[in-house]
Amino acid sequence: PRKMADWFNGLVQKGVNQVSSKVRGSVSLSISRHGPAMQVNIQERGGMLIAVDLVLCIQLGPQQLFVAKPFKEYADEPRRLAYDPAMLWRQSFSVSETRTISGIDGANECRRDCLRILKSIFRKEATLAKFTSYHLKTVLMHEC
């Protein structure tokens, strides 16, 4: 996954460089990398900022998505894997999580917006940094 992620990052950087050369001055573009995502920040001069996350994934079947994110051992005692961890892709459940949250919300409820607000608070508050987006979504889905 690392080589594919690096290739993808280079591709995004090349695209941003090409666009930047054509829109000089009116819009600024920057890139940051976090987790499996490449975030492209688009900002009008003195105006609104739009952040777009791009994630390289492989889709196998209608519901199986895998992202180029390095394998991470979570247990206290490491497991002996049959495969090289550098070759493992992580399964992503983000599409089905989004569907589930939208299904819980219905037409006029605000759980999805609450999740966005919570994520913003958790990013800015250092004492909450140990909690990830995964933790917030899991709590939201279990409590609703």
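Predicted model: local features only at pLDDT ≥ 70, side-chain atom pairs only at ≥ 80, totals over all residues.
I number residues from 1 along each chain as its sequence is written, and side-chain values use heavy atoms, with hydrogens and water left out.

I then followed the pairing of β2 (residues 37-44) with β3, which is antiparallel and spans 7 bridges. I count two strands as paired if DSSP finds at least two bridges between them. Helices (H or I, at least four residues) and strands (E, at least two) are DSSP runs, numbered from the N terminus. The open sheet has 3 strands in the order β1-β2-β3, with antiparallel pairing. Its edge strands, β1 (27-34) and β3 (49-55), each pair on one side only. I noted that neighbouring strands of this sheet are turned by 20 degrees against each other on average, direction ignored.

Helix α1 (residues 2-22) lies across β1, β2 and β3 and runs at about 170 degrees to β1. Contact here means heavy atoms within 4.5 Å. Axes are lines fitted to C-alpha atoms, for helices over the stretch in contact, and angles run from 0 to 180 degrees between N-to-C directions.

**Hairpin**

I traced β4 (residues 57-60), which is joined to β5 by 4 bridges in the antiparallel sense. Glutamine 59 has leucine 65 of β5 as its bridge partner. The two strands, β4 and β5, form a hairpin with 3 residues between them, and glycine 61 in the turn has a positive phi of about 80 degrees.

**Cysteines**

My search of the whole structure returned 0 disulfides, a disulfide being a pair of cysteine sulfur atoms within 2.5 Å. Cysteine 57 counts as partly exposed because its relative accessibility is 38%. Cysteine 114 is also partly exposed, at 33% relative accessibility. The classes are buried under 20% relative accessible area, exposed over 50% and partly exposed in between (1.4 Å probe, protein chains only).

**Largest pocket**

I recorded a volume of about 1700 Å³ for the largest pocket. A pocket is an open set of points on a 1 Å grid over the protein atoms alone, where a 1.4 Å probe fits, with protein on both sides within 12 Å along at least five of seven lines; lining residues have an atom within 4 Å of a point. Grid points are joined across faces, edges and corners, and the volume is the space filled by probe spheres set on the points. The lining comprises 38 residues, and Ser94, Lys119, Ser133, Tyr134 and Lys137 lie nearest the centre. The largest share of the lining, 7 residues, comes from α3.
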